[in-house]
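Me: I'd like to go through this model with you, feature by feature. Can we start with a loop and work up from there?

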Amino acid sequence: MVQTPINLTPKDYKSEVKPTWCPGCGDFGVLNAAFRGLASLKLSPDQTVVVSGIGCSSRFPHFMKTFGFHSVHGRALPVAQGLKMARPDLTVVAVGGDGDFFSIGAGHLVHAALRNIDITVVVMDNETYGLTKGQTSPTSPHGHVTKSTPYGLLASSFNPIATALTLNVSFVARGYSAKPKELATLIEQGMLHKGFSFIHALSPCPTFYNTFDAWDASVTAIPPDHDEHDRIKALSLAMDAEKQYMGIFYQEERPTMDQAAHQLVQQAKEFDIDKYMTRYA
Ligand code: SF4
């Protein structure tokens with residue numbers, strides 16, 4: 001993470017491209033939170049890269065004055081991880097929607113969790129495929145009626161926080177786009193965390209599945225006495241069917257793959273072949 005001494009404000013991360021989201025889209029709140037999170041850490045825009053996949057939320061990099069990479073569907077994580085391995089000096093953030101991360105790119109989530117590469121992921125979850133006009137996504141509730149499921153969704157619903165916790169992700173949090181200040185703090189803490197940080201951002205799609213009222217009623221701050229190092233207790237919060245807890249569920253410091261790989265490279269560079277040959281001659 002490269003900090004700059006210049007006094008940056010949220011507007012310094014805003015590009016000249018006007019967001020093309022529908023009026024009222026939750027993604028505006030997440031964008032606003034990202035601007036604030038980056039500004040509070042004073043991260044240099046030219047040392048920060050935002051990587052996305054495909055979907056409404058994946059237009060995100062266009063609206064930011066950082067470097068960006070609008071990749072292919074479900075592949076934000078491989079691009080972001082490769083980038084961090086090659087350029088450990090950069091701050092790398094991967095963004096996208098529930099389809100990108102929990103359906104098309106779900107397999108990448110498993111391995112990103114195991115590698116614990118130092119990147120931050122913000123998943124904008126609206127429980128629908130907004131870009132293709134409102135079909136069910138992995139997080140849509142059971143029974144959800146759409147044009148593609150006229151008799152209601154027959155599958156059950158994916159639980160992002162419980163999945164991240166059981167995959168051993170080293171930083172797991174949830175925010176809500178209607179509370180951008182709190183979400184900005186979570187993004188900031190995720191970027192400060194050394195390792196793979198996963199931020200589930202509830203971000204309604206008022207055009208195809210308006211969940212604002214439901215989430216206004218169910219989003220609740222994680223109790224202040226919650227122990228962020230207790231994965232089992234975090235899991236019980238994540239499994240609560242009535243409430244959508246907001247805040248940090250879990251965090252732990254453990255070795256990251258980018259650090260370990262760079263140590264190996266350093267060891268290889270310092271390896272003394274003559275000494276080795278003499279010893280085994
Ligand atoms: Fe946002 Fe939904 Fe419009 Fe997409 S379709 S921009 S998710 S409101």
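Me: Where is Asn168 found?

Reply: Asn168 sits in the loop between helix H5 (160-166) and strand S7 (171-176). Keep in mind that we're reading a predicted model.

Me: What should I look at in the backbone there, and how exposed is Asn168?

Reply: Start with phi. Asn168 has a positive phi of about 75 degrees, although Asn168 is not a glycine.

Me: Which loop holds Lys133?

Reply: That's the loop between strand S5 (128-129) and strand S6 (135-136). Lys133 isn't a glycine either, and its phi is positive at about 80 degrees. With 56% relative accessibility, Lys133 counts as exposed.

Me: What does Asn116 touch?

Reply: Leaving out residues up to four places away in sequence, Asn116 touches Ser170, Gly195 and Phe196, and also Arg254, Pro255, Thr256, Met257 and Asp258.

Me: Let's do helix pairs. How do I describe two packed helices?

Reply: You give the angle between their axes and the distance between the axes. Take helix H1 (residues 27-41) and helix H6 (residues 180-192): their axes come within 8 Å and cross at roughly 50 degrees. That angle makes H1 and H6 oblique to each other. The crossing is right-handed.

Me: Which residues make that contact?

Reply: From H1 you have Gly29, Val30, Asn32, Ala33, Ala34, Arg36, Gly37, Leu38, Ser40 and Leu41. From H6 come Pro180, Lys181, Leu183, Ala184, Ile187, Glu188, Met191 and Leu192. By class, this H1 and H6 contact has eleven nonpolar, four polar and three charged residues.

Me: What angle do H2 and H4 make?

Reply: Helix H2 (residues 76-86) and helix H4 (residues 106-115) pack at about 25 degrees, and their axes are 9 Å apart. Angles under 35 degrees count as roughly parallel, and H2 and H4 are therefore roughly parallel to each other. H2 passes H4 in a left-handed crossing.

Me: And which residues meet there?

Reply: Leu77, Pro78 and Gln81 in H2 meet His108, Leu109, His111, Ala112 and Arg115 in H4. Sorted by class, the residues of this H2 and H4 contact are four nonpolar, three polar and one charged.

Me: On to strands. Is Ser52 buried or exposed?

Reply: Buried: Ser52 has a relative accessible area of 0%. You'll find Ser52 in strand S1 (residues 48-52). Setting aside residues up to four places away in sequence, Ser52 touches Ser58, Pro61, Phe69, His70, Ser71, Ala76 and Val95.

Me: How far is Ser52 from Val122?

Reply: The C-alpha atoms of the two are separated by 9.8 Å, and Ser52 and Val122 are 70 residues apart along the chain.

Me: Which strand has Val92, and what does Val92 touch?

Reply: Val92 lies in strand S3 (residues 91-97). With a relative accessible area of 2%, Val92 is buried. Again skipping residues up to four places away in sequence, Val92 touches Val49, Val51, Ala80, Leu83, Lys84, Ile119 and Thr120. Val92 and Ile199 are 107 residues apart in sequence, and their C-alpha atoms are 14 Å apart in space.

Me: Last one, the ligand. What surrounds the ligand?

Reply: For a ligand, list the neighbours, then sort them by class. Around this ligand you find Trp21, Cys22, Cys25, Cys56, Asn126, Gly130, Cys205, Pro206, Thr207 and Phe208. The shell has seven nonpolar and three polar residues, and no charged ones.

Definitions and conventions: Residues are numbered from 1 along each chain as its sequence is written. This is a predicted model: local features need pLDDT of at least 70, side-chain atom pairs count only at pLDDT 80 or more; totals for chains, interfaces and linings use all residues. Side-chain values use heavy atoms; hydrogens and water are left out. A residue is near a molecule or strand if one of its heavy atoms lies within 4 Å of it. Ala, Val, Leu, Ile, Met, Phe, Trp, Tyr, Cys and Pro count as nonpolar, Asp, Glu, Lys and Arg as charged, and the others, Gly among them, as polar. Axes are lines fitted to C-alpha atoms, for helices over the stretch in contact, and angles run from 0 to 180 degrees between N-to-C directions. Helices (H or I, at least four residues) and strands (E, at least two) are DSSP runs, numbered from the N terminus. Angles under 35 degrees count as roughly parallel, over 145 as roughly antiparallel, 65 to 115 as roughly perpendicular and the rest as oblique. A crossing is left-handed if the near helix is turned anticlockwise from the far one by less than a right angle, and right-handed if clockwise. Contact means heavy atoms within 4.5 Å. Buried means under 20% relative accessible area, exposed over 50%, partly exposed in between (1.4 Å probe, protein chains only).
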